[in-house]
Amino acid sequence: MRHALMQFAPAFPEIFVLIMISLILVVDAAVDDGKRFLAYFLSLVTLAGASFLTLRDFSTLPVLTLGGLFIDDPLSDVLKLFLYLSVAIVLVYSRDYLRQRGLYKGEFFVLALFALLGMMVMVSASHFLTLYLGLELLSLSLYAMVALQRDSSVATEAAMKYFVLGALASGMLLYGMSMVYGVTGSLGLGDIAIALQDGTDLRIPLVFGIVFIVAGLAFKLGAVPFHMWIPDVYHGAPTAMTLFIGSAPKIAAFAFVIRILGQGLESQVSDWRGMLVILAVLSMALGNIAAIAQSNLKRMLAYSAISHMGFMLLGILAGSQNGYGSAMFYVLVYALMSLGGFGMILLLSRAGFEADRLEDFKGLNRRSPWLAFMMLLLMFSMAGVPPTVGFYAKLSVLQAVVEIGYVWLAVAAVLFSLIGAFYYLRIVKLMYFDAPHDAAPIKASPDARVVMSVNGLAILALGIMPQPLMAVCIHAIRASF
Amino acid sequence: MRVDMQTLYLVVPLAPLFGAIVAGLFGRLVGRTGAHVVTIAGVAVSFIASVLVFQDVLAGHTFNGTIYTWMTLGDLRFEVGFLIDALTAMMMLVVTFVSLMVHVYTIGYMHDDPGYQRFFSYISLFTFSMLMLVMSNNFLQLFFGWEAVGLVSYLLIGFWYTKETAIYANLKAFLVNRVGDFGFILGIGLVLAHFGSLDYATVFAKAPSLASETITLWPDTPWMLMSVIGILLFIGAMGKSAQFPLHVWLPDSMEGPTPISALIHAATMVTAGIFMVARMSPLYELSDTALSFIMVIGAITALFMGFLGMVQNDIKRVVAYSTLSQLGYMTVALGASAYSVAVFHLMTHAFFKALLFLAAGSVIIAMHHNQDIRYMGGLKKYMPITWVTSLIGSLALIGTPFLSGFYSKESIIEAAKMSHLPGAGFAYFAVLAGVFVTAFYSFRMYFLVFHGKERFHQGHGHGNEPDAHHGHDGPPHETPWVVTGPLLALALPSLAIGYMTIEPMLFGDFFGRAIYVADRHPVMHELNQEFHGAMEMGLHALATLPFWLAVAGVGLSAFFYLKRPDIPAAIAQRFSFLHRMLLNKYWFDELYSWVFAKGARALGGSLWRRGDQNVIDGFFVNGSAHLVERFSRLVRAFQSGYIYHYAFAMLIGVFALVTWFARLN
């Protein structure tokens, strides 16, 4: 590891995004309503530029910089690329939706990019301070995004709940961090790892610290019993915001967890593994079972998100590089599926019609066979049906769990995903076997349709050839640990 | 040079596969003519390549090697490989030649059928599968070919898939073959378990060292490993080659179009079992028990299936029972360790039986798809080519001296006579009596169809094959050249192939090391001592019992069906029980459908009611669904929407985690 003090080069993508945000703020203030596409266009340019910068300086070795606050390693680079990708997809899917609801303003793009910046910082953090900084930047942007539709009481309520509970979770996280600081005397993840290597006399404070940190992390992931905000926020927020919250931040949350638990508290794996087992089992159980009772698709996908995070935790709790790699694979795949799922709601919606109830999907096959087929692929993948990639993602985390000898956990996970298959397949049944409830033509824009096709087919293609992506994940983890 | 031969080996199976793919997947694109041109070209190429391979083998070049490794599992390798020796080369030649004839014939027979391209695709696919089966050098590929020919057979029996009897027949063929394949795969499994390899050469080389190995099937009864393997593999052969008691599917398979009856259910596929046992001769030679079992099964089939042929009225079914009986003959030869004789009969039978089937098909075309021989007669003058070729086929079948069937059948009878295994006496009696029976039913059909009064004008209700819709009036006329051509082409080998090849095939070293006979079973050796050339054998036949039995059979049938047609009816009435027994095929169908079909349904029904409905549906499915629903409602109640409930849940969570993990430390 090379210490490059005060060297800004590894943080160029972040700096670039920040500059572009400022530019968009200025530009958007100067143009009138007819030229909003400028902000949209500039946002896409930002993402493309950031991708270029990240790819250009793609690191093969971890580089610690900015006084040990910031790290640039293969893991962060790969995750950042997927962050840009998912934010870009979000922008494409939600453009028409936002325009129809009067939300097509510079604020949305600025907030989205600020959230992205926060996530990038989280992904590249090597210090409790930067981690927290990135997390708060992300969270505050998300609170504001949810509340963006000011005349909707549901959205406002959701934002309020999200904010209060998020603040509570942040408090817990900070408290836990302070405990760990008390035990180890440092805030840098690397230093913490070294300090804890040979054990410590302060076991009880350390365990307390870990519990609070895990609780804070669990809130961000939406693991049971820290999940209660998820259904209400997913449901209440405008679908475009839900799409955003449901995709990229999951990737950032994965990085957050892997940085703190996998890198900082690596030696304490026997402590946090037990906690994650409890969270994982509860999440898979509650997520899958509660989803069955939902009649709103956004709410159903919210519970589905809870169960998927439970599955991802399986990979992390394995505590091995294979486990981390499979969890990373899982979270990337989940982001892709989640984008497709919420994106489909956006594509089917129109002015004054949200298309977020299950019955709105009835007979979709007759209205648009292609979109129905894409949704079928997405649902199969979420349920874990081969040959879609969801199957492979589940398989790899299960393998990681079996490797550490937790066969019962793998069996339980399979049983819960079996229960989960019910509500995913119900969507398929509604689309293919029921008569359409709503006969209005689907007015999705061509670019959104193309992206949706790529999104759906990627699910299939990755399922047939999962190895390349899996290799990228394993490599990123190996090279960064 | 050798590399070129390998390419040639690949061409043999792949050319028909290519034809099958083109005709099957692009049938609409290439049209009817395109479909038959491409498939016939594929099979013709395959036939020419087979001839070249055959010449190469005659020159002393054999081949055993892997073409493609599918996967490796530990030490076990799953491969596609070819074993090319005299046995394979001969089978390749027979398969491609008969297949080529059938392809050409099909142009005429299926002329008006809407499924023309599909049919060509299937028969080419069959040719590919059969070639993969005979060319295999390992058990896995053998099994692949075995199942593939079974599949195509299933598809072709049910080719007219709107016809209920055809669907019944193909299902029956499929299910009965399942029984055989079950034994077959168990046998392969045993081979794998004890030899650790699926490769023929490895297994055969290791076989003698395992000759005295025993396994325990149930406590306190040790079984010879070789006997168990041999019998299990033979059970597979019993299904495929329709040996008693798994013979029931073959007569029903006549529901399929006639060309496939000739190709699959007479000449090639049904002989796969015979071929397999001959190929496995190094294994079978180690077990007298298995050989004895094979011989008895063969003898039962040879005689009792022949009896059934005497009362059939459907022209194709007569030939079908004759096929069953002849397969029994081959099986008897296998049991007597006279593998080369079995394969020899397989070859001669392929030619004359294909000829008889195609001739029957020609008659069926002329009769506008009415297959009942009681409404034929006197066709001799209307269909001269069909008549001559049928006569040749029938004469070959009954073993007329100098014709091909004579040499092979006579050798089988001699082999059975000389065998000393338990059951050989019965087998000898069965094959001897079978000669009379064969002669009787063959000429009964021949006389009823080609001689006697013309009865086709009284024929009512045309055949139920759905493609008979043209030119119903006027006298029957000879069929087009695409039909008669193959008949003539098959008549030649039916006449002469036996005379030409008996010496090298049975007593020369044609087969070389392809077939192994232990010194303990000297049947072939003894046969050799009695053999003094093909001409001598034919002349000598006039003084032997089988010849006069055949003459008696022909004579009796001529008397019954040409002179005194009232006698058979009187006999049928007199011995009505026997007659009914034969008409009902010994009630095997009833037995099977009663015991197995009904029993299986009853068992399934009770499992469904008790197990599925009560336990699985009632307890597990509905029970768990109720549970999930209740739980899910509970969760909904918790999701109250009040922020302080949510915060409370989080705090409780932290509290529980802290308590738990602090206590653990």
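Two helices of chain A, α5 (128-146) and α11 (248-264), each put at least two residues into the lining of the largest cavity. Helices here are DSSP runs of H or I with at least four residues, strands are runs of E with at least two, and both are numbered from the N terminus. This is a predicted model, where local features need pLDDT of at least 70, side-chain atom pairs count only at pLDDT 80 or more, and totals for chains, interfaces and linings use all residues. Residues are numbered from 1 along each chain as its sequence is written, chains are lettered from A and ligands numbered from 1 in the order written, and side-chain values use heavy atoms, with hydrogens and water left out.

**Cavities**

The structure holds ten cavities of 30 Å³ or more. A cavity is a set of points, on a 1 Å grid over the protein atoms alone, where a 1.4 Å probe fits but cannot get out; lining residues have an atom within 4 Å of a point. Points are joined across faces, edges and corners, and the volume is the space filled by probe spheres set on them.

Of the 13 residues lining the largest cavity, Leu138(A), Leu142(A), Tyr162(A), Lys220(A) and Pro249(A) lie nearest its centre. In the second largest cavity, α3 (74-100) and α14 (321-348) of chain A each supply at least two lining residues, and α3(A) gives the most, with five. Its lining includes Tyr93(A), Asp96(A), Leu346(A) and Lys443(A).

**A hairpin in chain B**

Over in chain B, strands β3 (residues 214-218) and β4 (residues 221-224) pair antiparallel over four bridges; pairing takes at least two DSSP bridges. Thr216(B) has Pro222(B) in β4(B) as its bridge partner. The two strands, β3(B) and β4(B), form a hairpin with two residues between them, and Asp220(B) in the turn has a positive phi of about 70 degrees.

**A greasy patch**

Back on chain A, Val402(A), Val407(A), Val411(A), Leu415(A) and Leu418(A) make a nonpolar surface patch of about 450 Å². Helix α18 (residues 407-433) of chain A contributes the largest share, four residues, and Val407(A) lies in that helix. Patch residues have over 30% relative accessible area and no salt bridge, with nonpolar side chains (Val, Leu, Ile, Met, Phe, Trp, Tyr) joined within 5 Å. Areas come from the Shrake-Rupley method with a 1.4 Å probe, and for residues only the protein chains shown count as cover. A salt bridge is a side-chain nitrogen of Lys or Arg within 4 Å of a carboxyl oxygen of Asp or Glu.

Conventions. On a 1 Å grid over the protein atoms alone, a cavity is a set of points where a 1.4 Å probe fits but cannot get out, and a pocket is an open set with protein on both sides within 12 Å along at least five of seven lines; lining residues have an atom within 4 Å of a point. Patches are made of residues with over 30% relative accessible area and no salt bridge: like charges are joined within 9 Å, nonpolar side chains (Val, Leu, Ile, Met, Phe, Trp, Tyr) within 5 Å.
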